[in-house]
Amino acid sequence: MGTKQNLSFNKDNYNQDDTMVCCRLWSGKDKVGTVLDTARYIGSLAKVFSNALNFIERNTKTAWAKVL
């Protein structure tokens, strides 16, 4: 079964000066399955970006392939 990763970069009623990114890993490909991993990162842009990249690397089991 495949998985789908979701990074949320929208405002979502967040009224602080820091950057916030929400990351989720879903089972399946349509985001209706179980959430396998979730994280919310708040802080400076550099710190949040680094944490989000670490989340993606931690939850990526297969390499990306370009489909022609």
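Phe55 belongs to helix H1, where helices (DSSP runs of H or I, at least four residues) and strands (DSSP runs of E, at least two residues) are numbered from the N terminus. With a relative accessibility of 1%, Phe55 counts as buried; buried means under 20% relative accessible area, exposed over 50%, and partly exposed in between, with a 1.4 Å probe and protein chains only. This is a predicted model, in which local features need pLDDT of at least 70, side-chain atom pairs count only at pLDDT 80 or more, and totals for chains, interfaces and linings use all residues. Residues are numbered from 1 along each chain as its sequence is written, and side-chain values use heavy atoms, with hydrogens and water left out.

**Overall architecture and confidence**

- The protein contains one helix and three strands, and their order along the sequence is β-β-β-α.
- Of the 68 residues in the protein, 26% are buried.
- The protein exposes about 5500 Å², of which carbon and sulfur atoms supply 53%; accessible areas come from the Shrake-Rupley method with a 1.4 Å probe, and for residues only the protein chains shown count as cover.
- Contact means heavy atoms within 4.5 Å. Among the contacts with a separation of 6 or more, 34% are between residues 24 or more positions apart.
- The mean pLDDT (the predictor's confidence in each residue, from 0 to 100) is 76 for the protein, and 71% of the residues reach 70 or more.
- Among the elements, H1 has the highest mean pLDDT (90), whereas strand S1 (residues 3-8) has the lowest (52).

**The nonpolar core**

- A nonpolar core is a set of buried Ala, Val, Leu, Ile, Met, Phe, Trp, Tyr and Cys residues joined through side-chain atoms within 4.5 Å.
- The largest such core has eight residues, namely Val21, Cys23, Leu25, Ala39, Tyr41, Val48, Ala52 and Phe55. At least two residues of this core come from each of strand S2 (19-27), strand S3 (35-43) and helix H1 (45-59).
- In soluble globular proteins, nonpolar side chains tend to be buried together.
- Phe55 is in contact with Cys23, Arg24, Leu25, Asp37, Thr38, Ala39 and Tyr41, leaving aside its neighbours within four places in sequence.
- The C-alpha atoms of Phe55 and Thr38 are 8.9 Å apart in space, although the two residues are 17 residues apart in sequence.
- Tyr41 touches Thr19, Met20, Val21, Cys23, Val48, Asn51, Ala52, Phe55 and Arg58, not counting residues up to four places away in sequence.
- Val21, a residue of strand S2, is buried, with a relative accessible area of 2%.

- The 15 residues of H1 should span 21 Å at 1.5 Å a residue, and the end C-alpha atoms of H1 are 21 Å apart, which agrees. The expected span is 1.5 Å times one less than the number of residues.
- Val48, Ala52, Phe55 and Asn59 are the buried residues of H1. They cover an arc of only 55° around the axis, so they lie on the same side of H1; the arc is that of the directions from the helix axis to the C-beta atoms.
- Ala46, Phe49 and Glu57 are exposed residues on the face of H1 turned away from its buried side.

**Partly exposed residues**

- Ile42 is part of strand S3 and counts as partly exposed because its relative accessibility is 41%.
- Ser44 is found in the loop between S3 and H1, and its relative accessibility of 43% makes Ser44 partly exposed.
- Ser44 and Asp17 are 27 residues apart in sequence, and their C-alpha atoms are 9.1 Å apart in space.
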